[in-house]
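Here is a friendly tour of how the chains of this assembly meet. Have a look at the structure first, and then read on.

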Amino acid sequence: MTEILGLWLPLAVAALVQVSFALGVSMLTLLSGSVLSNKESAHRLRELSFAYIFGSFAATLTGIITIMYCLFQFPYANHDRWWSVLCGITVGAGAVVIMFYYRPGKKTGTQLWLPRRAAEFLCERTKKTTECFEAFILGVASVVLELLFIAAPLIIAANLIINVEFEWQPLTIFSYVFVTILPLVILAICNRRGKKISTFQRWREKNKKFLQISAGTLLIILGLYLFVYKVWGV
Amino acid sequence: MGKLKYDYNVIVIGGGAAGTVAAEVVARAGGKVALIEQETLGGSVPMKSDIPIGALMTAAHALDDAHRASAFGLRTQTIGCNFPSLQNWKDLAIKRSGVQATADHLKTVGVETFHGRAHFLSPNEISIGRRHLTAEKFVVATGAKPLIPNVAGLDEADFLTSETAIDLIKPPKTLLIVGAGATGAQLAEFFSIFGTKVYLVDAKKRILPRFDEEVSELFQSLFEKVRGMEVLTSSRVIGVQKNGISTTVTYLNGETENRINVEKVLFATGLKPNTDLGLENAGVEYNQNGVVVDEFLQTSARNIWAAGNVLGRFGDAHTAVYDGKIAARNLLNQTKTPVDYGTMPWVLRLNPEIAVVGASEADLIKNAVKYRSIVVQNSVIARANTANFAVGFTKILKSHRGTLLGATIVCPGAGEMINELTLAIKCGINVAHIADTPHPFGSWGEIVRLACAKL
Amino acid sequence: MTRVMGKTETEYSSERLHQSIARVAASNRTPLGTAEHFAREVVKKIENWIGNKSEITAAELRLQTAAVLADYDPETAYLYENEDKLF
C-alpha cells in the first residue's frame with residue numbers, strides 16, 4: 001500500500017500529465033497532413049510517423065535516464081529539502097500550464113505558448129520533412145521544446161523510479177516513456193486506419209481547455225501530494 | 001485630441017447619414033478626420049431610399065387622393081400619369097436634398113473626404129485602392145444593401161430590388177413582390193396605384209410583421225379590397241424562371257406548390273449590412289446580422305465604433321443620425337452615452353401613414369410588463385368626416401402608473417402626430433396629461449387626445 | 001490585380017489558391033477528383049468575393065476561403081482555416 005501511494009500513484013499521475021501536453025501531437029498531425037498532401041504512399045506515412053515517434057521516445061528516454069543518473073550522483077535525492085524544492089517547482093509548473101499553455105482567444109485553434117516566429121519555423125520545417133532522419137529529429141525537437149513544461153513531471157518520475165528495485169527499473173522506465181508517447185501511437189494508428197486529421201484536430205480543439213486545466217491541476221495536486229507525503233511524512 | 005502618430009485621429013468609413021454626422025461631430029471637436037465613401041456622399045437616404053421613395057409615394061398618394069376626390073363632386077376621372085415624368089420629379093427631389101453640397105459642407109467643417117472602397121488591413125490601417133491610411137480610431141458606417149435570398153433560378157432570371165424598382169420608366173403590368181415588410185408594402189402600394197396588378201408574398205403569417213397585429217389586418221384588408229392586390233402570406237418563394245418576357249415564380253404555401261406568371265419580380269426581403277471590408281483584420285466581430293457592438297456602439301476592437309444600418313437595426317435616417325452622433329461622442333469622451341432606441345419613432349408612408357414609437361404590444365407581453373391598451377378608430381373624429389377618410393386608428397399603450405409606453409397611429413399625417421407622443425415617452429408624461437391637453441377640433445391630432453382620454 | 005498582404009506581399013493568384021485548397025483537401029483524405037472539383041468551385045466564388053478589391057490580407061483570404069469551402073467540405077474547411085493554428 002505504501003508503495004502504491006508513495007511510488008506508483010504519483011508516477012502514474014506524472015505520466016498522465018506528460019501525456020496531455022500537445023506539441024508532439026500537433027507536430028505529428030502536421031507531418032501526417034503534409035505527407036498525405038504530397039500524395040505519398042501509406043507505407044511512407046507509416047515510416048515517417050514511426051521515425052517521429054521513435055525520436056520522441058528516444059528523447060524522453062534519454063531525458064529520464066540522464067536525470068536519473070544525475071540523481072544517483074546527487075546525495076540529497078531523497079532529502080526533504082530537495083523534495084520541497086521539487087514540489088514547489090511542480091506546483092509552479094501547474095499554475096503556468098493553466099495560465100499560459102494554450103494561447104488565449106476565440107479563434108486560436110490549438111496554438112500553444114510558443115513564440116510565433118518559432119512556431120512558424122517549426123511549421124515550415126515540419127511541412128518540408130520528407131526523410132525518416134528528419135522526422136526522427138523532429139520527434140526529438142518536440143520533446144526538447146516542451147522541456148519547460150515536461151521537466152517537472154519528468155524529474156519527479158526520475159526521482160520516484162530511482163527508489164524502485166534495480167531489476168524493475170528498466171521496465172518502469174520503458175513503461176513510463178511508452179505512456180507518454182501513447183497519444184502519438186494512437187494518432188499514428190488512426191492515420192493508418194484512414195481516419196481524417198480534421199476529426200482528431202477538432203476533438204483536440206474542443207477539449208483543449210479541459211486538457212489544459214486538468215494537466216495544470218494534476219501538476220498542482222501532484223506537487224502538494226508529494227509535499228505532504230514525502231516532506232511531512234503523512 | 002492628442003498628438004498624431006497616425007495620419008488621422010478618426011477615419012469614418014461610409015458617407016451616409018450616420019457617417020457624415022459622426023465625421024462632423026469629431027471635426028467640430030477639433031479632431032483630424034477623414035471620411036471615405038465608395039459611391040455618393042449622402043448614402044442611400046437621399047439616393048436610394050427615403051428621399052426617392054418618399055417623393056414617389058407623395059406623387060402616388062396625390063393621384064390616389066385625386067381619384068377619391070370625385071366624391072367631393074370634382075371631375076377627376078381623366079386624371080392620369082406620365083410615368084417617365086415621375087422619374088424627373090424623383091430626380092429633382094434627390095437633387096434638392098442637397099447631397100451635392102455634402103462634400104463642400106464637410107470640407108468647410110474640416111473633414112477630408114476620399115472616394116473609394118476602404119478595406120481594413122489592421123486595427124489602425126485601411127487601404128483605399130493602393131493608398132494606405134492610418135488612424136487612431138475608426139467609425140464604421142457602411143450601411144446596408146438589399147438582401148437577395150437564396151432562391152433557385154435567380155442567376156438566370158431578371159429581378160428588381162428596392163433600389164432598382166424606383167428607376168423603372170414604366171410600371172409593369174404584373175409584379176410579384178417578395179417580402180411584405182415596410183419597403184415591400186410601400187412599393188406594392190406605389191405600383192398598385194399606377195395600375196400594376198401586385199402579388200405580395202411573404203413567408204410570415206402576416207404582412208408588416210414589425211407592427212402590431214391591428215396594423216397588419218387593416219393593411220391586408222386595404223391592399224386586397226381597395227388596391228386589388230393578392231396578398232399571399234405564409235408563402236415561401238422557392239424558384240424563379242425566366243419565360244420569355246415574363247417570369248414564372250414558384251412558391252410554397254404549406255405543402256402546396258403554386259406558380260404565378262408575372263412581368264417582374266421584386267425582392268424586398270430586407271437589408272444585408274455591408275460588412276465586407278476586412279473587419280477580421282481589425283479584430284471586429286460581426287455576423288450575418290451586422291457588426292456586433294455594445295450599448296456604446298463600440299465594437300470588439302476597442303478603437304473602432306460602428307453606427308447606422310451596418311449594425312443590422314435598419315431604422316430610418318434619423319436613427320442613423322442618432323447612431324452617428326452617439327458613436328462620435330463616445331469615441332471622443334471618457335464618459336460614454338449608451339444608445340436608447342426606446343424613443344425612436346418610425347414612420348411608414350403608406351396611405352394612411354403609419355407611425356409608431358416606444359414599445360409594441362408584443363414587446364410588452366414578451367417582457368411581462370403590465371400595461372393597458374386602447375384602439376380608437378379614426379371614424380370617431382370630425383376630421384375623418386370632413387376629409388371623407390375614416391380608415392385608420394390610434395393605439396395607445398400605457399403602464400399601470402399611467403405613463404405612455406408605446407403608440408401606433410394609422411392616419412394621414414401620422415408622421416407629424418407621433419412627435420407629441422415621442423416627447424411624452426421621452427419625458428415620462430402621463431397619458432392623462434395628454435388627454436387633458438387641448439387638441440384642435442377638426443384636426444387629425446384629435447384622435448390622440450381621444451385615445452388617451454378613453455384609456 | 002489584387003495584392004495579398006501577408007508575411008510578404010504577393011499578387012493574388014487563383015492557381016496558388018487552387019493548389020492550396022487541393023493540398024489541404026488531400027491531406028484530409030478527400031479523393032483527388034472531389035478535391036479538384038471543390039477547389040475549382042471555391043476559387044470561382046473567392047474571385048467573385050475579391051471583385052475589384054485592390055488589397056486583401058492573407059488571413060482574411062484564408063478565412064473567406066474556409067467559409068466558402070465549408071459549403072462543400074466542412075472538414076477540409078476546418079483544417080484549411082486552422083492549418084496555421086496547430087501549434
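## Where chain C meets its partners

C:Glu75 and A:Arg202 are joined by a salt bridge, 3.3 Å from N to O (a side-chain nitrogen of Lys or Arg within 4 Å of a carboxyl oxygen of Asp or Glu). This is a predicted model, in which local features need pLDDT of at least 70 and side-chain atom pairs count only at pLDDT 80 or more, while totals for chains, interfaces and linings use all residues. Side-chain values use heavy atoms, without hydrogens and water, residues are numbered from 1 along each chain as its sequence is written, and chains are lettered from A and ligands numbered from 1 in the order in which they are written.

The table gives the buried area, meaning the accessible area (1.4 Å probe) that two parts lose on being put together, summed over both.

| Chains | Buried area | Share on carbon and sulfur |
|---|---|---|
| A and C | about 2200 Å² | 56% |
| B and C | about 1000 Å² | 42% |

In chain B, the residues that lose the most area to chain C are B:His119, B:Arg130 and B:Glu280, together 45% of what that side buries. Chain B and chain C share one salt bridge: C:Lys53 pairs with B:Asp276, with the closest N and O atoms 2.7 Å apart.

Between chain A and chain C there are two salt bridges. As for contacts (heavy atoms within 4.5 Å), 35 residues of chain A touch 18 residues of chain C, whereas twelve residues of chain B touch 15 residues of chain C.
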